[in-house]
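Here is a guided walk through one protein model. Keep the sequence and the 3D view open side by side, and find each residue as it comes up.

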Amino acid sequence: MQSPLPHTLNLGILAHIDAGKTSLTERFLHTAGVIDEVGRVDDGNTQTDSLALERRRGITIKSAVVSFAVDGTNVNLIDTPGHPDFIAEVERVLSVLDGAVLVVSAVEGVQAQTRVLLRALRRLGIPTLVFVNKTDRRGARYEGVLRHIAERLTPDAVPMGAVPGIGTRDARFVPFTGDDGFTARLTELLAEHDDTLLAAYVDDPASLTYDRLRTELARQTRRALVHPVFFGSAATGAGIPELMRGVRELLPALRGDADSPVSGRVFKVERGAAGEKIAYVRMFSGTVRTRDRLGAAKVTGIGVFEQGANVRRSEVRAGQIGTLRGLADVRIGDVIGVPREGVRADAHHFAPPTLETVVSPLRAADRGALHLALTQLAEQDPLIDLRQDDVRQEVSVSLYGEVQKEVVQATLAEEYGLDVTFRETTTICVERVIGTGAAHEIIDTDPNPFLATVGLRVEPAPVGAGVEFRLGVELGSMPHAFFRAVEETLQQGVHGWRVPDCTVTMTHAGYWPRQSHAHGTFDKSMSSTAGDFRHLTPLVLMDALRAAGTAVHEPMHRFRLDVPADTVGAVLPVLARLRAVPHTPTTSGASSRLAGDIPAAQVHALEQLLPGLTRGEGELESAFDHYRPVRGGTVPTRERTDHDPLHRKDYLLRVVRRTNGGGSRSGGSGGEGAAATAARWPLGRLSPPSAGASGPPAARGPR
């Protein structure tokens, strides 16, 4: 048996941009004695914003891990980006957290990203404290922010103290005790979530001592039912000791089982100085040691976060966060050992990117290097989706916003020495199946030029169901590799967009078994290959989708707009021009609120126009909500990255390549002589007939 592990808490710091996450991280480390001087974001000397680009721009781009100890508990603190363009970084961190601190500015209050983050934290059941930062700033509010939190964030917020001197450098945090009316307010809120406590509140209120309520507060906080709210300033240190005490007492520090089967999750991948992959892993149980084999790879080095640093160790144990070297094929989201019970490895908590752009090198000779660099960036950010267009020799990258595009451009220049340009950013739509459609093509029957039988039926599925591939034929009717080749091609719809939710059933399958000449050589012209199925399937799928019908849907944001009441008349026509659908405005005093839906493609335009329409006083909050059918006008299409199976003749010319000998055929990207061969032989059979090419009936697979 190993020595017992100390209690460990993996804590995330999350917030809207500029609320003070990184400054709070610095203050935690200073209070815990890890660093002697508090770094400043403006000075570029913080512990977690280590990238040159982060220091220059003053924003967090990549999540970073630091650690400290508080009263016998090891805290791994993960600082996350606040800008919505980098929400994918937050996405990955959520899967490894035991608890979180959500930072809110005492000046700005609850902002758009704050709401998005708490919704995700509550959905995952992650215990969360709220820290209201910047109480020393002019304009800081106490009652106003608490009201903001209750209205816009959660009614289950528990203020833990008062702030004398708020809005001045002398602001300090004074915790509530059982003698100042706090007990009654706390009892009412906690009783809403516990029937036993409610009964005691009614029948025997004297039994509800302050100590009992504090115990119940910790229990409900750890179940993510309530959210204690602390106030303070990361700049001055006010309220930080009380917040750290709240982290220790109210959040669930755990002692993992190092002797159980290994279970961990990779939440970040970066590359070292030599280009090697470094995997950040949260261990839920078990122990990984140097030289252990994880799949086909062997762990060559381990680091564990201790007292602010990543320290080289021989093992990483349950509850800890560590770095693993030697895993050449590791990807973000990979499970180490056995999956954690009840947690899906592919679960997503935020919307996917809704924008994309084509990236082009300024020097044509850099095209290969650019693709390699983008591939490495996508390894570090799985929600960056690359689309390689081999026909046009272009790469498209998906994005959350314009700031992310600027960061990608700067990263390519600084880390890879690549100067690139971007085309205009476009919106990523999806294509939904409307009805049911089916199509099939039979082997050795015109117009099918491939040695394969494929039949597909396409049907709509509920939103969010994903793509399900079913077999309407027996699995043993042909080799498994042929089935897999069919699945690989289900990527692009009739209009070129991803088809996210449908059921595809293979209704026909057939092949010709391997045929050989008398001297034992393999004859491709007589034998089915996986390429036959890979090339025939897009033709059949397009016919089935056209028979079913598809509709293009565009991403929609749910927006909330607070503007001066006298500017509503100017704002409404602009919303209409941007194809937004607002609800009836509500007015309170001199302010009006507009809420509704707006196409994602128009959000940036609204952000640009809003200050001029509202004298700079308008506040916009928006987040992806759903997809809506494109209404009116031209249906948007996406340039295809395949060989365009919508146009059969051109498609066949591109994918079928012939040798001058005339008897062999192979799948490929289309070579010289294809057009000439097509002219000599009928379109239905692009291979010249050869003796025995049709094969004896007994050698044919089922149709």
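Val 202 is exposed in this predicted model. Its relative accessible area is 60%. The cut-off for calling a residue exposed is over 50%, so Val 202 qualifies with its 60%. Look for Val 202 in helix H7, which covers residues 195-203. Val 202 also takes part in a nonpolar surface patch.

Thr 128 has a relative accessible area of 0% and is buried. The limit for buried is under 20%, so Thr 128 counts as buried with its 0%. Thr 128 belongs to strand S5, residues 128-133. What does Thr 128 touch, leaving out residues up to four places away in sequence? The list holds Ala 100, Leu 102, Leu 118 and Leu 121, then Val 226, His 227, Pro 228 and Leu 251. A polar atom of the Thr 128 side chain also sits 2.9 Å from the backbone oxygen of Ile 126. Another pairing spans the sequence: Leu 11 and Thr 128 are 117 residues apart along the chain, yet their C-alpha atoms are 9.4 Å apart in space.

Next come the charged pairs. The model holds 31 salt bridges. Take Arg 363 and Asp 366, whose closest N and O atoms are 2.7 Å apart. Arg 363 is partly exposed, because its relative accessibility is 39%. Asp 366 is buried, at 13%.

Arg 640 pairs with Asp 644. Here the closest N and O atoms are 4.0 Å apart. Are these two residues buried or exposed? Both Arg 640 and Asp 644 are buried. Elsewhere, salt bridges with shared partners link up into one network, made of Asp 71, Arg 214, Arg 248 and Glu 249.

The bridge between Arg 615 and Asp 566 has an N to O distance of 3.3 Å. Arg 615 lies in the loop between helix H15 (600-613) and strand S34 (619-629), while Asp 566 lies in the loop between strand S30 (550-564) and helix H14 (568-577), so the pair ties together parts that are 49 residues apart in sequence. Both Arg 615 and Asp 566 are exposed. For Arg 615 the relative accessible area is 52%. That value sits over the 50% cut-off, so Arg 615 is classed as exposed.

Most residues other than glycine have a negative phi. Phi of Arg 615 is positive, near 60°. Ala 224 also has a positive phi, about 60°, and is not a glycine either. Ala 224 is found in the loop between helix H8 (210-222) and strand S9 (227-231). How accessible is Ala 224? Ala 224 is buried, with a relative accessible area of 10%.

Most peptide bonds are trans. The bond joining Asp 446 and Pro 447 is cis, with omega about 10°. To find Pro 447, go to the loop between strand S26 (437-441) and strand S27 (453-460).

Note on methods:
Residues numbered from 1 in each chain as written. Predicted model: local features only at pLDDT ≥ 70, side-chain atom pairs only at ≥ 80, totals over all residues. Heavy atoms only, no water. Salt bridge = Lys/Arg side-chain N within 4 Å of Asp/Glu carboxyl O. Buried < 20%, exposed > 50% of the residue type's maximum accessible area, 1.4 Å probe, protein only. Helix = DSSP H or I, 4+ residues; strand = E, 2+ residues; numbered from the N terminus. Patch = residues over 30% accessible without salt bridge, like charges linked within 9 Å, V, L, I, M, F, W, Y side chains within 5 Å. Areas by Shrake-Rupley, 256 points an atom, 1.4 Å probe, with all protein chains shown as cover. Contact = heavy atoms within 4.5 Å. Polar contact = N/O pair within 3.5 Å; in protein donor to acceptor, adjacent residues only side chain to side chain.
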